[in-house]
Amino acid sequence: RGMFADALVAARRWAALQPFSTQPAMNASYIASVPLEEYEQGRSVLEGALIASPRSFGLLNNLAFILASTGDAGAASRVQAQIQRSLLNDVEAAVSTATAGLIAFRIGASSEGRQLYEDAVTKLEIMSESERAALALLFWAREEIRAHSDDSVSIANRALAHSGSGQ
């Protein structure tokens, strides 16, 4: 936790020094929300960065992820609706699909969430985006645990297979 907390401090400083760049805010929000689960910190840095870059896919997707992860699926859905899907590259489209899977789980549409996550993982695997596929699988497993599903272990094992094999 210590190294991630230090990294978050550094990323927030970077974001303050370069408020018109999306990269520092994306890094800070990722560190805050994924390893640290400090969602409010991630949200605050994203909201500041979105003032300068209101159409940034990375900023909007990270904010949708944070909102869904904190239980505000309605707000997450509204943020995700702001993403201009026609402008996304294939990796971004797959990442956005995974976030849609999270949102679906959080509104209680587990079947839809599973299908969206599966679609995202399949696309990421085809593109040899193993790390992103593993991350999507881990968040999918988290949602299956929250849904008290027996599938969580097999999905987590798929994520581990990605991280260990370099697929």
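How do the residues lining the largest pocket divide into nonpolar, polar and charged? I took this up as the opening entry, keeping in mind that the model is predicted. I found 14 nonpolar, nine polar and three charged residues in that lining.

Entry on the pocket. I noted about 700 Å³ of space in the largest pocket, and of the 26 residues lining the pocket I wrote down those closest to its centre, which are Tyr30, Asn62, Val95, Arg132 and Leu135. I then looked up which helices contribute, and found that α2 (22–33), α4, α6, α7 and α8 each supply at least two residues of the lining.

Entry on aromatic pairs. I counted three aromatic pairs in the model. I looked at Phe65 and Phe139, which form an edge-to-face pair with 4.9 Å from centre to centre and 70 degrees between the planes. This pair links distant parts of the chain, since Phe65 belongs to helix α4 (residues 57–69) and Phe139 to helix α8 (residues 130–146), 74 residues apart. I recorded both Phe65 and Phe139 as buried.

I turned to Phe105 and Tyr117, whose rings form a tilted pair at 6.1 Å centre to centre with 50 degrees between the planes. Phe105 lies in helix α6 (residues 90–106) and Tyr117 in helix α7 (residues 110–126), so this pair ties together parts that are twelve residues apart in sequence. Phe105 and Tyr117 are both buried as well.

Last entry, on the cluster. I noted that ring pairs link Phe105 and Tyr117 with Trp140 into a cluster.

Terms used
Residues are numbered from 1 along each chain as its sequence is written. This is a predicted model: local features need pLDDT of at least 70, side-chain atom pairs count only at pLDDT 80 or more; totals for chains, interfaces and linings use all residues. Side-chain values use heavy atoms; hydrogens and water are left out. Rings of Phe, Tyr and Trp (its six-membered ring) pair if their centres lie within 6.5 Å; planes under 30 degrees apart count as stacked, over 60 as edge-to-face and the rest as tilted. Helices (H or I, at least four residues) and strands (E, at least two) are DSSP runs, numbered from the N terminus. Buried means under 20% relative accessible area, exposed over 50%, partly exposed in between (1.4 Å probe, protein chains only). On a 1 Å grid over the protein atoms alone, a cavity is a set of points where a 1.4 Å probe fits but cannot get out, and a pocket is an open set with protein on both sides within 12 Å along at least five of seven lines; lining residues have an atom within 4 Å of a point. Grid points are joined across faces, edges and corners, and a volume is the space filled by probe spheres set on the points. Ala, Val, Leu, Ile, Met, Phe, Trp, Tyr, Cys and Pro count as nonpolar, Asp, Glu, Lys and Arg as charged, and the others, Gly among them, as polar.
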